[in-house]
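Today I'm looking up how one protein chain is put together.

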Amino acid sequence: MTTGRLSGTVRIVGAGLLGTSVGLALRALGVDVVIEDSSPANEKLAIDYGAGRAASAEDSPNLIVVCVPPDVTGKVVAAELAANPHAVVTDVASVKASVLADLRARGVDLSRYVGSHPMAGRERGGAASGRADLFVSRVWVISANARSSDAAVKAVEDLALDLGAAPLRVAASEHDRAVAFVSHVPQIVSSLTAATLIDAAVEDVALAGQGIRDTTRIAASDPKLWLQILSANAGEISQVLKGLQGNLSALIEAL
(Lines give C-alpha, C1' and ligand atoms only; values in the text may rest on other atoms or scores of the structure.)
Protein backbone atom coordinates (compact mmCIF):
# COMPACT_ATOMS: atom_id res chain seq x y z
CA MET A 1 0.00 0.00 0.00
CA THR A 2 1.38 3.37 -0.99
CA THR A 3 1.45 6.31 1.39
CA GLY A 4 1.97 9.02 -1.23
CA ARG A 5 -0.02 10.67 -3.99
CA LEU A 6 1.15 8.44 -6.84
CA SER A 7 -0.50 5.15 -7.62
CA GLY A 8 0.36 2.31 -9.94
CA THR A 9 3.79 1.56 -11.33
CA VAL A 10 6.49 4.17 -11.89
CA ARG A 11 9.15 3.34 -14.46
CA ILE A 12 12.57 4.97 -14.18
CA VAL A 13 14.92 4.97 -17.16
CA GLY A 14 18.47 5.65 -16.06
CA ALA A 15 20.01 4.32 -12.86
CA GLY A 16 22.37 7.17 -12.08
CA LEU A 17 22.28 9.54 -9.12
CA LEU A 18 18.88 11.07 -9.88
CA GLY A 19 17.17 7.92 -11.11
CA THR A 20 18.34 5.88 -8.15
CA SER A 21 17.38 8.64 -5.71
CA VAL A 22 13.87 8.88 -7.19
CA GLY A 23 13.52 5.11 -6.91
CA LEU A 24 14.71 4.98 -3.32
CA ALA A 25 12.30 7.72 -2.26
CA LEU A 26 9.31 6.15 -4.03
CA ARG A 27 10.04 2.68 -2.72
CA ALA A 28 10.06 4.12 0.81
CA LEU A 29 6.45 5.19 0.12
CA GLY A 30 5.50 1.72 -1.08
CA VAL A 31 5.33 2.62 -4.78
CA ASP A 32 5.99 -0.17 -7.29
CA VAL A 33 9.13 1.04 -9.11
CA VAL A 34 10.71 -0.43 -12.20
CA ILE A 35 14.24 0.82 -12.89
CA GLU A 36 16.16 0.20 -16.09
CA ASP A 37 19.54 1.32 -17.41
CA SER A 38 21.46 0.77 -20.64
CA SER A 39 24.28 -0.53 -18.42
CA PRO A 40 23.38 -3.88 -16.80
CA ALA A 41 25.91 -3.19 -14.04
CA ASN A 42 24.34 0.18 -13.18
CA GLU A 43 20.88 -1.33 -13.25
CA LYS A 44 21.84 -4.21 -10.98
CA LEU A 45 23.50 -1.86 -8.50
CA ALA A 46 20.41 0.35 -8.31
CA ILE A 47 18.18 -2.69 -7.80
CA ASP A 48 20.50 -4.07 -5.13
CA TYR A 49 20.33 -0.68 -3.39
CA GLY A 50 16.55 -1.03 -3.26
CA ALA A 51 15.66 1.62 -5.87
CA GLY A 52 13.27 -0.65 -7.74
CA ARG A 53 12.89 -3.95 -9.53
CA ALA A 54 13.81 -5.21 -12.97
CA ALA A 55 11.38 -4.58 -15.82
CA SER A 56 9.03 -7.30 -17.05
CA ALA A 57 6.79 -7.74 -20.10
CA GLU A 58 3.70 -7.31 -17.91
CA ASP A 59 4.62 -3.81 -16.70
CA SER A 60 2.10 -1.06 -17.40
CA PRO A 61 3.51 2.12 -15.83
CA ASN A 62 1.38 5.16 -15.11
CA LEU A 63 4.39 7.46 -14.94
CA ILE A 64 7.82 7.25 -16.56
CA VAL A 65 10.78 9.29 -15.33
CA VAL A 66 13.63 9.58 -17.84
CA CYS A 67 16.98 10.19 -16.11
CA VAL A 68 19.54 10.01 -18.92
CA PRO A 69 22.17 12.47 -20.26
CA PRO A 70 20.80 15.53 -22.09
CA ASP A 71 22.09 14.51 -25.52
CA VAL A 72 19.86 11.41 -25.57
CA THR A 73 16.94 12.64 -23.46
CA GLY A 74 14.70 13.51 -26.42
CA LYS A 75 15.33 10.17 -28.08
CA VAL A 76 14.57 8.20 -24.92
CA VAL A 77 11.46 10.23 -24.07
CA ALA A 78 10.12 9.67 -27.59
CA ALA A 79 10.76 5.93 -27.32
CA GLU A 80 9.01 5.71 -23.94
CA LEU A 81 5.98 7.64 -25.20
CA ALA A 82 5.69 5.26 -28.14
CA ALA A 83 6.15 2.08 -26.08
CA ASN A 84 3.76 3.14 -23.30
CA PRO A 85 0.73 4.82 -24.92
CA HIS A 86 -1.13 5.36 -21.64
CA ALA A 87 1.75 6.66 -19.50
CA VAL A 88 2.79 10.18 -18.61
CA VAL A 89 6.49 10.78 -19.35
CA THR A 90 8.76 13.33 -17.72
CA ASP A 91 12.51 13.86 -17.76
CA VAL A 92 14.97 15.41 -15.32
CA ALA A 93 17.47 16.88 -17.78
CA SER A 94 19.27 20.08 -16.73
CA VAL A 95 18.16 21.84 -19.93
CA LYS A 96 14.57 22.01 -21.12
CA ALA A 97 14.24 24.04 -24.32
CA SER A 98 16.49 21.81 -26.44
CA VAL A 99 14.72 18.64 -25.26
CA LEU A 100 11.31 20.10 -26.11
CA ALA A 101 12.55 21.24 -29.53
CA ASP A 102 13.87 17.74 -30.21
CA LEU A 103 10.53 16.18 -29.31
CA ARG A 104 8.63 18.62 -31.49
CA ALA A 105 10.92 17.78 -34.39
CA ARG A 106 10.19 14.09 -33.81
CA GLY A 107 6.45 14.76 -34.00
CA VAL A 108 5.59 12.95 -30.76
CA ASP A 109 2.37 13.30 -28.75
CA LEU A 110 3.30 16.09 -26.37
CA SER A 111 0.06 15.85 -24.35
CA ARG A 112 1.58 13.11 -22.20
CA TYR A 113 4.98 14.76 -21.85
CA VAL A 114 5.94 17.24 -19.14
CA GLY A 115 9.53 18.39 -18.82
CA SER A 116 10.88 18.76 -15.31
CA HIS A 117 14.11 19.40 -13.44
CA PRO A 118 14.82 18.82 -9.75
CA MET A 119 17.20 21.49 -8.48
CA ALA A 120 19.16 18.93 -6.52
CA GLY A 121 22.27 16.85 -7.03
CA ARG A 122 25.69 15.94 -5.79
CA GLU A 123 29.21 16.22 -7.18
CA ARG A 124 29.33 12.41 -7.15
CA GLY A 125 27.22 10.54 -9.68
CA GLY A 126 26.09 6.96 -10.14
CA ALA A 127 23.70 4.67 -8.31
CA ALA A 128 26.05 4.37 -5.32
CA SER A 129 25.54 8.07 -4.60
CA GLY A 130 21.73 7.83 -4.62
CA ARG A 131 19.85 9.14 -1.57
CA ALA A 132 16.15 8.90 -0.74
CA ASP A 133 16.21 12.40 0.77
CA LEU A 134 18.02 14.09 -2.14
CA PHE A 135 14.98 16.14 -3.17
CA VAL A 136 13.61 17.10 0.23
CA SER A 137 12.91 20.86 0.40
CA ARG A 138 14.39 21.38 -3.08
CA VAL A 139 12.63 23.14 -5.93
CA TRP A 140 11.36 20.79 -8.65
CA VAL A 141 10.81 22.74 -11.87
CA ILE A 142 7.74 21.73 -13.90
CA SER A 143 8.14 22.84 -17.52
CA ALA A 144 4.86 21.90 -19.14
CA ASN A 145 4.49 22.56 -22.85
CA ALA A 146 1.45 24.09 -24.55
CA ARG A 147 -0.01 20.64 -25.23
CA SER A 148 0.65 19.02 -21.84
CA SER A 149 -2.62 17.74 -20.40
CA ASP A 150 -3.74 18.81 -16.95
CA ALA A 151 -3.58 15.18 -15.84
CA ALA A 152 0.03 14.88 -17.02
CA VAL A 153 1.08 18.04 -15.19
CA LYS A 154 -0.65 16.86 -12.02
CA ALA A 155 1.14 13.49 -12.19
CA VAL A 156 4.55 15.17 -12.32
CA GLU A 157 3.64 17.60 -9.56
CA ASP A 158 2.49 14.65 -7.44
CA LEU A 159 5.86 13.00 -8.09
CA ALA A 160 7.69 16.10 -6.84
CA LEU A 161 5.49 16.36 -3.76
CA ASP A 162 5.90 12.67 -2.93
CA LEU A 163 9.68 13.15 -3.06
CA GLY A 164 9.47 16.04 -0.59
CA ALA A 165 10.25 18.67 -3.23
CA ALA A 166 8.51 21.96 -3.96
CA PRO A 167 7.07 21.98 -7.51
CA LEU A 168 7.39 25.26 -9.39
CA ARG A 169 5.96 25.84 -12.86
CA VAL A 170 8.50 27.51 -15.16
CA ALA A 171 8.50 27.65 -18.97
CA ALA A 172 11.35 25.81 -20.70
CA SER A 173 13.07 28.96 -22.02
CA GLU A 174 12.75 30.73 -18.66
CA HIS A 175 14.18 27.67 -16.92
CA ASP A 176 17.25 27.62 -19.15
CA ARG A 177 17.89 31.32 -18.58
CA ALA A 178 17.58 30.91 -14.82
CA VAL A 179 19.83 27.86 -14.49
CA ALA A 180 22.53 29.61 -16.51
CA PHE A 181 22.74 32.08 -13.62
CA VAL A 182 22.25 29.80 -10.63
CA SER A 183 23.76 26.47 -11.76
CA HIS A 184 25.70 26.42 -15.00
CA VAL A 185 27.96 29.46 -14.57
CA PRO A 186 28.67 28.61 -10.89
CA GLN A 187 29.83 25.18 -12.12
CA ILE A 188 32.15 26.86 -14.62
CA VAL A 189 33.55 29.23 -11.99
CA SER A 190 34.16 26.34 -9.61
CA SER A 191 35.98 24.37 -12.30
CA LEU A 192 38.08 27.35 -13.35
CA THR A 193 39.02 28.05 -9.74
CA ALA A 194 40.06 24.42 -9.28
CA ALA A 195 42.09 24.61 -12.50
CA THR A 196 44.13 27.55 -11.17
CA LEU A 197 45.35 25.33 -8.33
CA ILE A 198 47.11 23.01 -10.78
CA ASP A 199 49.95 25.50 -11.21
CA ALA A 200 50.07 26.50 -7.55
CA ALA A 201 53.02 25.44 -5.41
CA VAL A 202 52.40 22.47 -3.12
CA GLU A 203 53.22 24.55 -0.07
CA ASP A 204 50.65 27.14 -1.13
CA VAL A 205 47.89 24.56 -1.57
CA ALA A 206 48.79 23.16 1.85
CA LEU A 207 47.38 26.34 3.38
CA ALA A 208 43.92 25.71 1.90
CA GLY A 209 41.01 26.00 4.29
CA GLN A 210 37.29 25.36 4.08
CA GLY A 211 36.69 28.32 1.79
CA ILE A 212 38.58 26.85 -1.16
CA ARG A 213 37.01 23.45 -0.50
CA ASP A 214 33.52 24.95 -0.63
CA THR A 215 34.33 26.90 -3.79
CA THR A 216 35.76 23.94 -5.70
CA ARG A 217 33.57 21.09 -4.37
CA ILE A 218 31.35 20.87 -7.44
CA ALA A 219 34.37 20.95 -9.76
CA ALA A 220 34.54 17.21 -9.12
CA SER A 221 31.30 16.70 -11.08
CA ASP A 222 31.22 14.49 -14.18
CA PRO A 223 32.96 16.48 -16.98
CA LYS A 224 31.26 14.48 -19.78
CA LEU A 225 27.82 15.29 -18.40
CA TRP A 226 28.68 18.95 -17.95
CA LEU A 227 30.03 19.22 -21.49
CA GLN A 228 26.57 18.17 -22.70
CA ILE A 229 24.77 20.57 -20.36
CA LEU A 230 26.95 23.56 -21.29
CA SER A 231 26.64 22.80 -25.01
CA ALA A 232 22.84 22.54 -24.79
CA ASN A 233 22.51 25.89 -22.99
CA ALA A 234 25.42 27.71 -24.61
CA GLY A 235 23.46 30.80 -25.64
CA GLU A 236 22.14 31.63 -22.17
CA ILE A 237 25.45 30.75 -20.49
CA SER A 238 27.41 32.98 -22.88
CA GLN A 239 25.31 35.99 -21.91
CA VAL A 240 25.95 35.45 -18.21
CA LEU A 241 29.66 34.91 -18.82
CA LYS A 242 29.89 38.18 -20.75
CA GLY A 243 28.49 39.98 -17.73
CA LEU A 244 30.97 38.18 -15.49
CA GLN A 245 33.79 39.07 -17.87
CA GLY A 246 32.89 42.74 -17.59
CA ASN A 247 32.86 42.57 -13.80
CA LEU A 248 36.23 40.79 -13.75
CA SER A 249 37.77 43.39 -16.07
CA ALA A 250 36.51 46.20 -13.85
CA LEU A 251 37.83 44.45 -10.76
CA ILE A 252 41.26 43.89 -12.32
CA GLU A 253 41.47 47.53 -13.30
CA ALA A 254 40.45 48.60 -9.79
CA LEU A 255 43.10 46.37 -8.22
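My entries below go through the sheet, the cores and the salt bridges.

**Ground rules.** I'm working from a predicted model, where local features need pLDDT of at least 70 and side-chain atom pairs count only at pLDDT 80 or more, while totals for chains, interfaces and linings use all residues. Residues are numbered from 1 along each chain as its sequence is written, and side-chain values use heavy atoms, with hydrogens and water left out.

**The sheet.** I looked up the strand order and got an open sheet of seven strands, E2-E1-E3-E4-E5-E6-E7, with mixed pairing. My labels are DSSP runs numbered from the N terminus: helices are H or I with at least four residues, strands are E with at least two. Two strands pair if DSSP finds at least two bridges between them.

Which strands stand at the edges? I found E2 (32–36) and E7 (166–169) there, and each has a single partner strand, so one side of each is left without a neighbour in the sheet. From one strand to the next, the twist averages 25°. For angles, axes are lines fitted to C-alpha atoms (for helices over the stretch in contact), and values run from 0 to 180 degrees between N-to-C directions.

**Two pairs up close.** I checked E1 (residues 9–13) against E2: they pair in the parallel sense over five bridges, and Val 10 stands opposite Val 33 in E2. The chain gets from E1 to E2 through helix H1 (residues 17–28), and this β-α-β crossover is right-handed. That word means that, with the strands pointing away from the viewer, the path from the first strand over the helix to the second runs clockwise.

Next I checked E3 (residues 63–66) and E4 (residues 88–91), which run parallel and are joined by four bridges. Here Ile 64 stands opposite Val 89 in E4. Helix H5 (residues 150–162) packs on the sheet and touches E3, E4, E5 (113–118), E6 (139–144) and E7; contact means heavy atoms within 4.5 Å. The direction of H5 makes about 170° with that of E6.

**The cores.** A nonpolar core is a set of buried Ala, Val, Leu, Ile, Met, Phe, Trp, Tyr and Cys residues joined through side-chain atoms within 4.5 Å. Buried means under 20% relative accessible area, exposed over 50%, partly exposed in between (1.4 Å probe, protein chains only). I found that the largest core has 36 residues, and those with the most contacts inside it are Leu 26, Phe 135, Trp 140 and Leu 159. E1, H1, E2, E3, E6 and H5 each give it two or more residues. A second, separate core of 18 residues includes Val 66, Val 77, Val 89 and Val 108.

**Salt bridges.** My rule is a side-chain nitrogen of Lys or Arg within 4 Å of a carboxyl oxygen of Asp or Glu. The count comes to 14.

- Asp 32 meets Arg 53 at 2.9 Å, N to O. Asp 32 is in E2 and Arg 53 in the loop between H2 (40–49) and E3, 21 residues apart.
- Arg 217 pairs with Glu 123, the closest N and O atoms being 2.7 Å apart. Buried or partly exposed? Glu 123 is buried at 16%, whereas Arg 217 is partly exposed at 44%.
- Arg 11, Glu 36 and Glu 80 are linked in a network.
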